[in-house]
Each structure stands twice: as structure tokens, then as C-alpha cells.
Amino acid sequence: MRIRTAGVVALFALALAASGCGGDSDKPAAKETPKAAGGKLVIWADDKRTAAVKPFAEKFGQENGVTVEVQAVSKDLQTNFVTASQQGSGPDVVVGAHDWIGNLVQNGAIDPVQLAAEQKSAFNETAVKAVTFNGQVYGVPYAQENLALIRNTELAPEAPKTIEDLVAAGKKLKAAKKVTETLCLQVGQNGDAYHIYPLYTSAGGYLFGTGANGDYDPKDLGVGKPESVEAFKKIGALGEKGEGVLKRSISDTNSISTFTSKKCAYLVSGPWAVADVKKANISYDISAIPGFAGGKEAQPFVGVQAFYVAAKGKNKALAQEFVANYTTTPELAVALYNAEPRPPALTAALDQVKGSDPDLAKFQEAGKNGQVLPAIPAMAAIWDPFGKAEAAVIGGADPTSTITTAGKTISGQIK
Amino acid sequence: MSTPLSGPESVTRTPGREPAGSPPPRPRASRSRDDAPITLTGIAGKVLLLGLTAGIAVWAAFPLVAAEMWTGLALLAASTAGLFYLYLTRRHIPAKYLVPGTLFLIAFQVFPVLYTASTAFTNFGDGHRGSKDEAIVAIGSSSVTQVPGSTEYALSIATRGDPATGPLLFLVTDPATRAVSVGDAKGLRPLDAADVTIATGGKVTAADGYNVLTFGQANARSKEITDLVVPTAGGAVRSSGLSRAYEGKAVRAYDAGCDCIRDTETGQTWTADEQAGAFVAADGERLAQGWKVNVGLKNFTRVLTDENISGPFLGTLVWNFAFAIGSTGGTFLLGMLIALVLHSPRMRGTNFYRVLLVLPYAMPSFAMLLAWRDMFNADFGLINSLFGLNVDWFGQEWTARFAVILVQLWLGYPYMFLVATGALQAIPRELTEATSVDGASPWQSFRAVTLPLLLVALSPLLISSFAFNFNNFNAIYLTTEGAPFPADNPTNGATDLLITYTYRLAFGGQGAQFGFAAAISLFIFAIVAVVSAISFRRTRKQEEVYA
């Protein structure tokens with residue numbers, strides 16, 4: 001009996017002590033976040049961008065007597081950002097693609113950035129257009145990217161003027177057993193709307209019409225319209241049952257590697273492919289994606305990477321200062337270019353790196369007539385059905401019924 | 001239920017890798033409880049665990065107090081007190097064993113299920129994540145536009161008095177005239193040029209009677225700065241960061257009188273629709289920023305009445321069963337066969353073979369799924385080039401179905417092999433020897449003795465493997481993604497399971513629709529629960545026969 005009582009008493013004392021310790025060690029931790037001198041600016045970016053942004057963010061912190069922390073979020077940055085900012089545990093600044101804007105705005109996750117007229121004019125016009133949504137600028141762009149035609153100059157010395165030229169040249173190479181594929185344009189089992197888009201526009205199709213203010217209008221859906229059916233008839237003619245130029249077996253995992261192993265002379269890809277091509281020691285050149293003979297221009301999508309100010313960040317004033325007044329400097333744009341070679345959106349920065357990297361100018365030239373990737377939330381409803389319709393048509397399905405159904409599916413998903 | 005829906009991040013789950021779980025230790029009923037000896041390690045362990053409990057409770061209490069969630073706090077205090085009482089008293093011995101398991105069950109099973117169920121009655125999703133107030137704030141702040149032709153000021157943040165607590169002021173400099181004004185909630189007042197020092201960029205660095213804040217000091221009052229608007233004739237001066245200010249105007253504002261958002265420039269209004277959780281204009285146009293509301297049974301009726309969903313549902317369900325039964329049955333048969341072969345006493349080098357056979361199990365399944373996907377590629381894949389075939393594996397319904405089950409077989413048989421080996425070793429050899437003495441053929445002895453005894457041990461594992469494969473998101477999403485799709489229906493493919501199909505419905509359109517996804521997952525939950533309940537009932541009967 002005595003032992004039991006002693007045990008219980010000891011237990012109480014120790015348990016209370018333990019809880020006391022726990023409490024003590026917690027209090028400073030809880031206080032630290034809001035009260036640390038000047039707060040802590042938190043930036044979220046993906047792995048590659050984190051390394052590039054870090055030194056500049058730290059410099060910003062040192063110059064202004066604040067702490068800046070750059071955190072790498074390697075997966076699902078957009079979803080994680082939306083969820084975290086809803087819970088109040090999100091960052092102050094986030095780095096991401098411009099087609100996130102529609103979703104981030106409808107979730108109230110980002111605030112507009114007020115740029116002065118002179119700041120805006122320092123950027124490439126397309127880049128500013130990309131980050132403008134409902135008439136407001138929501139992010140500060142730093143890089144832009146678009147698809148182009150990369151060709152192996154040993155096999156194909158001349159840049160093709162039309163798709164027909166490309167197919168003829170490719171077939172000649174194939175007949176001579178120099179290559180096994182005419183064109184490396186990734187399709188995959190379920191299609192790839194992003195990569196087929198230049199051909200789709202050249203054949204006369206469109207996704208969304210533009211409203212009076214130049215924004216995309218989700219009510220004017222181009223998929224399922226007669227123009228889109230005509231466009232897919234032309235694409236289908238290049239497919240597996242037709243010319244055999246477009247194939248579902250060429251996908252995101254093998255299109256670049258097929259090109260670098262010299263199995264095809266032409267590759268449709270973006271700046272991210274150049275590193276692999278260089279590594280494979282292929283003499284290459286970059287030109288605009290050709291359109292169909294007698295058709296419209298082939299217009300690739302132009303995507304922009306940008307800095308955003310989180311609407312629910314704890315250090316919004318500082319975040320605005322960083323995004324609006326610091327990321328607009330050319331030095332940062334050049335550093336980000338060095339981390340990953342995508343053309344900078346700041347004209348001054350582009351001029352600075354252009355000399356040492358001729359590919360940049362070529363990519364920019366190829367994207368000159370490009371269309372800004374729509375940032376409206378309705379775009380999310382396009383990707384999947386559009387890609388699948390593309391894959392079906394390339395596989396030999398009837399374009400008319402396939403595209404009409406795709407159009408119906410998409411308009412059913414748009415609120 | 002939420003893991004498979006969260007998409008490819010759940011890839012590390014593997015078929016049948018759930019631990020079988022050991023039965024909880026039974027209280028020793030034979031010994032009277034007063035005889036239980038009190039050991040030092042026992043007390044030390046108790047002190048440590050209860051101390052830890054108290055520590056966790058205190059740690060959890062701070063955020064609850066900060067958020068003023070008093071019911072949560074009361075619940076926390078009550079459960080902590082209950083735990084202390086339970087483990088300090090000598091009574092309620094069965095409860096001592098049951099409570100920890102029950103607590104974990106509530107935290108990791110019951111709570112997620114209840115949360116999913118409650119989400120299913122809301123419109124929670126992209127565009128409807130927060131409250132109405134948050135939506136109003138978001139609409140207001142995203143409508144602030146610069147007054148055309150207005151001045152861009154250089155800005156310094158200042159206070160009168162203490163930098164941390166004094167009233168905040170904006171010191172703004174007109175870049176053209178270099179005239180400095182001071183602004184607060186009342187408006188702008190010019191300052192005498194003699195009283196201020198201006199840096200080259202136009203920023204005020206010092207002013208008589210004011211404390212100019214550093215970025216660090218200013219940021220400590222971030223919220224006050226972004227909230228401070230200095231009214232002017234055309235709109236209001238607002239900060240853009242800490243060194244620039246502009247004259248802007250919130251074009252859209254909430255009007256409590258009509259419960260609507262009013263555009264001050266065009267006069268258009270969007271009235272709050274509490275059923276939809278959005279501001280809707282007379283012509284049906286919605287503002288993008290909505291809020292979370294209860295929608296009742298709408299998500300459930302949508303599953304049942306929407307033709308796009310209910311149309312292909314039956315076909316998908318049949319294939320889903322075929323896939324789950326095929327994967328589970330196939331892996332079980334193959335695994336058991338190999339286990340039987342290696343169990344034979346005449347077999348040599350069994351350990352070597354066992355290591356070799358378990359290899360597929362040792363590799364990360366998501367990487368293997370992706371590797372298999374590339375092997376099935378029609379033009380570049382290993383399988384076609386190895387066998388000289390020209391099969392468009394993922395392009396045709398039946399080849400695609402065959403391919404995904406084949407992949408599952410390869411991924412899953414080592415698990416079945418392992419458990420069957422273990423169960424076989426537990427069957428006494430005397431039993432099979434006895435049957436051979438009685439003149440039974442090896443097949444008869446396997447049918448009559450070994451298989452039933454194996455099934456008694458493995459049935460629960462087969463059921464859990466079935467339930468897992470029924471919702472095996474990765475097996476489909478990382479290989480075919482549901483392909484091939486009929487040309488006239490891009491939402492439902494030949495290899496789609498219910499879970500991949502619904503994932504596409506809930507997250508494929510305009511952003512994530514968590515409420516809808518939760519409703520569908522409740523349907524799937526019901527199906528799996530019914531199947532499992534029936535199977536367990538049958539297993540129990542079987543155990544009664546052979547035990």
C-alpha cells in the first residue's frame with residue numbers, strides 16, 4: 001500500500017514537471033514567429049528556382065535588416081500554396097507559372113501587384129500580358145518560354161517552311177534509313193494539348209475567343225466549332241492511319257531522347273530540351289514551328305514564370321516591397337537565367353544574356369507570334385478532354401464526332 | 001479514403017503491404033490484480049508516458065487558447081484528465097488495454113471518415129475554400145486599381161513616437177516636385193521642405209517630429225501598413241511595398257444593405273447567393289471568389305443523376321471488380337504456387353530462389369509502374385521489340401486491361417509468396433504425411449488439407465488485398481491513366497477504376513471539387529465495406545469448419 005502511494009505521488013510530481021518543461025520550451029517557440037525583429041519573409045519556389053533566388057533573397061534581407069527564408073516545395077507547389085494560405089500557414093511570396101493566376105485569384109490566395117508604368121515598360125509586352133488577369137497585374141514575370149522546332153542540322157540543314165516540307169524531308173531521311181521517325185512531337189497515349197497547339201492554330205482552330213478587353217472569354221469555346229473539326233482533320237491526316245508522322249507512342253518520356261539518339265531529325269520542344277541536346281553533342285538549330293501550307297501561322301503557347309504576393313501572408317508589406325521593387329531588377333533575372341536557361345522577361349536582362357546564348361534569341365523569335373497560355377480557370381477543363389481527343393484522332397478516330405464530344409465535355413465542365 | 005484521391009503522391013503504397021497487425025495483449029485474468037507486482041521499470045515507463053501525454057496536452061493547449069477555441073480546450077482537458085485517472089487507478093484493467101487503440105482508431109480512422117462525410121455535404125473546392133468574409137476581402141483587394149494619370153510617390157513609413165506602437169503615417173514624396181506630404185487615415189497634409197531630409201530616390205530619410213522606420217521595424221507592423229489608406233479626392237494613397245505609394249481605388253466593394261458587391265464605376269451589382277456560395281449578377285455571371293456553404297445532398301444527387309457519371313458507372317464497376325479479383329487472385333495463385341514449389345523438401349537452393357523472388361517487392365512500386373508503362377510502348381517498348389510483336393498495348397481495350405493486370409501480378413506476387421511460405425511452414429508435416437499413408441494422391445492431400453488450412457490463415461489478407469486493389473489508384477494512374485478512351489467519351493476509359501474515374505471527375509475540370517470527391521468516395525467506401533463484410537462473414541464460417 002505504501003509503495004503504491006509513493007509511486008503515485010512520484011508519478012504526479014514527474015508528470016507535472018514534464019508538462020511544465022513542455023510548456024516552457026513551447027512558449028518562446030510560439031512567440032517567435034510574429035514578434036521576431038521585423039518578421040521573416042518566406043518565399044516558396046520549386047527546387048531549381050530556390051537555388052537561384054536564395055542568394056538574392058538573402059541579399060535583400062541583409063540590405064534591409066530582415067530575415068528572408070527561401071523554401072523549396074518540390075511537388076504540387078500550387079496546390080500546397082493554396083491549401084497552406086487558406087490555413088494561414090502559407091508563405092509571403094510564391095514563384096510559379098502564370099497560368100496558375102486564375103485559380104489563385106478565385107481562391108483569394110494572391111493580391112495584385114501595383115507596378116509603376118516605367119516598371120511595366122521594362123518588361124517584354126507578352127510577359128506583362130500573361131500576368132494580367134481581369135485587367136490587374138498579379139505577378140512580376142521573370143522568364144518566358146515557348147515551343148520551337150529544334151532540328152539536327154547534320155540530317156536537316158534547312159529549316160522547313162511548312163509542315164509539308166518537314167514531312168517530305170523527314171520521309172526522305174526515313175527512306176534512306178537515316179532516321180526511324182519523321183518528327184518527334186510528343187503525343188502520348190492520352191494526348192498533349194500543349195505540344196499540338198501550334199499545329200491546331202495553324203490549321204485554323206482556337207481554344208477561347210477574346211473579349212473586348214483582350215482577355216480570354218470562357219463563354220466563347222473554340223473546341224467543337226467547325227474550325228476545330230477542320231483543324232483536327234488536318235492533324236488526323238498526319239496521324240497513325242495517315243502519314244504516320246504523329247504517333248501516340250512518342251510521349252513526354254521518349255520524345256527528347258529519341259531526338260538525341262538521332263532517331264528523328266526534328267523535335268518540337270522548349271528551352272528545357274536544349275541542355276539534353278547539347279549533352280548529346282548534336283549540331284542543332286532552332287526555328288519557328290512551321291505551319292500547314294496555305295494555313296495560318298503556327299502559334300505556340302507562351303508561358304511566363306512569375307513572382308506573386310500571397311494575399312494572406314503575415315509580412316505582406318515586405319513581400320510587396322520584394323516583389324514589386326526588388327524582383328524587377330535585371331541582376332535577379334540574369335541569375336535566374338543562369339540557374340535554368342529560359343529567356344528573361346526583362347528586356348534589359350535578355351539583352352545582357354543574348355550575346356552569350358544565341359539560342360535565346362531564336363526561341364524568342366519562334367515565340368514572337370505565340371499566344372499567351374490562358375490563365376482563366378476554364379483552361380483547366382481543356383487539357384484533359386482536348387488531349388484525349390487529339391490522341392484519338394491521331395490513332396485514327398473520326399475527327400468530327402471526336403472533337404464535337406470533346407467540345408461538349410469541356411463546356412459541361414466550365415461553370 | 002483521402003489518400004488515393006490526393007493523387008500521385010500516394011505512390012509509395014504497395015499492394016498488400018499493410019501490416020497484418022498483432023492482436024492486442026489480453027489482460028492476465030488468471031492473476032488477481034492485487035498480486036500484480038510493482039516494478040521500478042513499470043513505474044518509470046508509466047511516468048514517462050503520462051509525462052509525455054501531459055506535455056503533448058500542454059503543447060496542444062497553446063494554439064487552442066490563442067484561437068479561443070474553448071470547446072476544443074475543454075475536450076483536451078477532459079481527455080487528458082481521463083487518461084491520467086485511468087492509468088493512476090488500479091481499477092478498469094480492460095480499459096487500460098483498450099483506450100490507446102481506441103484513441104488512435106478515433107484519430108486516424110473515425111475522424112477522417114467523419115470529416116470526409118461532412119465535406120460531402122458542402123461545395124468545398126477551388127473557388128469555395130474560405131468564408132464569405134474572406135471572399136469579400138479578396139474581391140475588394142483584387143479590384144484596387146491605380147487612378148489613371150495619378151502620381152507615383154516615393155514612400156517612407158513613419159510613426160509619431162515609439163516605432164512599435166506609435167500611430168502610423170505615410171511620408172510620401174512627389175517625384176516631380178519633391179514636395180513631401182504626410183498622410184494618415186484623415187488625409188494628406190503638406191510638410192515644410194525645411195523639416196525633411198530626402199534621399200536621391202525621393203525617399204524621406206528623416207523628418208522633424210517623426211520617426212522614420214526601417215524595413216524591419218515597418219514590417220513588424222505589416223498588417224497596419226497594408227490596411228492604411230490615405231483618402232484623397234480621386235481615391236486613396238496606398239502603399240505598394242515599403243518604398244512606393246500610389247493613388248488607387250477599390251472599384252468593387254461590399255454593400256451590406258443589399259448583401260451584394262457593387263462596382264462603383266459601372267454600377268453593376270452581384271448579389272450573394274447563399275445556396276451557391278457565390279456573388280451572382282442578374283445575368284447569371286458569377287464572381288470567381290466564392291465561399292464554402294452547405295449544399296445538402298446536391299453532391300450525392302449529382303452522382304446519381306448526372307448522365308456522364310451514372311452512364312459508364314456500371315461498366316466501370318464491373319471492370320473494377322474484375323481488376324481487383326484478377327490482381328488479388330492472380331498474385332495469390334502465383335505466389336502460392338511458388339511457395340509450394342520452394343516448400344518441397346526435395347528443392348535445393350531455396351534461400352537463393354527466395355531472395356530472387358522477393359526482389360520485385362523490394363523495389364519502389366511507383367518506379368516499377370513507370371518502367372512497365374515504357375515497356376508497353378507500342379513502337380519503342382521492350383515487350384514488343386523482345387517478342388517481335390506489333391501490339392498497341394495501351395491503345396486497345398483488352399490488351400490494356402491484360403497489361404495492367406500483368407503488371408499487378410508482377411508487383412504483387414512476392415507478397416503472396418512470402419505470406420504463403422509462412423503459412424505453409426505453420427502447417428504440420430504430419431498432416432500431409434498422414435494423408436499419404438492413407439493413400440491420398442499429392443493433389444488430393446493439397447485439396448483436402450493444405451489449401452483449406454492455408455486459406456484459414458490467408459483469407460483476411462486476401463480480403464485486405466482485394467480492398468486495396470479495388471482502390472489501387474497508382475496501378476492505373478501511373479500506367480495507362482485510364483486509357484484507351486473511346487473517341488466519343490474522354491472522361492471514362494477502358495482501364496479506369498472507380499477511383500481514377502472519379503478523380504478525373506472531381507479534379508479534372510475547373511480545379512478541385514473536394515465536396516464532390518468526398519461524396520463519391522463515400523459511395524466507393526460503401527461498396528468496399530459491403531464486399532469486405534460479406535467476405536469476412538464467409539471466412540468466419542470457414543474457420544468454424546476447419547478450426
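1. How many residues of chain A are in contact with chain B, and how many of chain B with chain A? In this model, which is a predicted one, 70 residues of chain A are in contact with 68 residues of chain B. On the side of chain A that touches chain B, at least two residues each are supplied by helix H1 (2-35), helix H4 (101-106), helix H12 (316-325), helix H16 (380-394) and helix H17 (399-413) of chain A. Of the elements of chain A, H1(A) gives the most to this side, with 14 residues. By class, the side of chain A that touches chain B is made up of 27 nonpolar, 30 polar and 13 charged residues.

2. As for chain A as a whole, its secondary structure comes to 17 helices and 14 strands, and its C-alpha trace spans about 95 × 55 × 50 Å along the principal axes. Chain A has 415 residues, of which 55% count as buried. If one takes the contacts in chain A between residues at least 6 apart in sequence, 76% of them join residues at least 24 apart.

3. Chain B is divided into domain 1 (39-119), domain 2 (130-142 + 253-291), domain 3 (144-250) and domain 4 (307-546). Between domain 2 of chain B and domain 4 of chain B, the C-alpha centres lie 50 Å apart.

4. A helix pair in chain B can be described in some detail. The axes of helix H2 (residues 40-66) of chain B and helix H3 (residues 70-88) of chain B come within 10 Å and cross at roughly 175°, which means that H2(B) is roughly antiparallel to H3(B), the cut-off for that term being over 145 degrees. By class, the contact of H2(B) with H3(B) has twelve nonpolar, three polar and one charged residues.

5. Is Arg447(B) buried or exposed? Arg447(B), which is found in helix H16 (residues 442-470) of chain B, counts as exposed because it has 12 C-beta neighbours inside 10 Å, and a residue is taken as exposed if that number is 12 or fewer. Arg447(B) can also be placed relative to Tyr503(B): the two residues are 56 residues apart in sequence, and their C-alpha atoms are 42 Å apart in space.

Note on methods
Residues numbered from 1 in each chain as written. Chains lettered and ligands numbered in written order. Predicted model: local features only at pLDDT ≥ 70, side-chain atom pairs only at ≥ 80, totals over all residues. Contact = placed C-beta atoms within 7 Å. Helix = DSSP H or I, 4+ residues; strand = E, 2+ residues; numbered from the N terminus. Nonpolar A, V, L, I, M, F, W, Y, C, P; charged D, E, K, R; others polar. Domains from an automatic or database assignment. Buried ≥ 20, exposed ≤ 12 C-beta atoms within 10 Å, placed from the backbone. Axes fitted to C-alpha atoms, helices over the stretch in contact; angles between N-to-C directions. Parallel < 35°, antiparallel > 145°, perpendicular 65-115°, else oblique.
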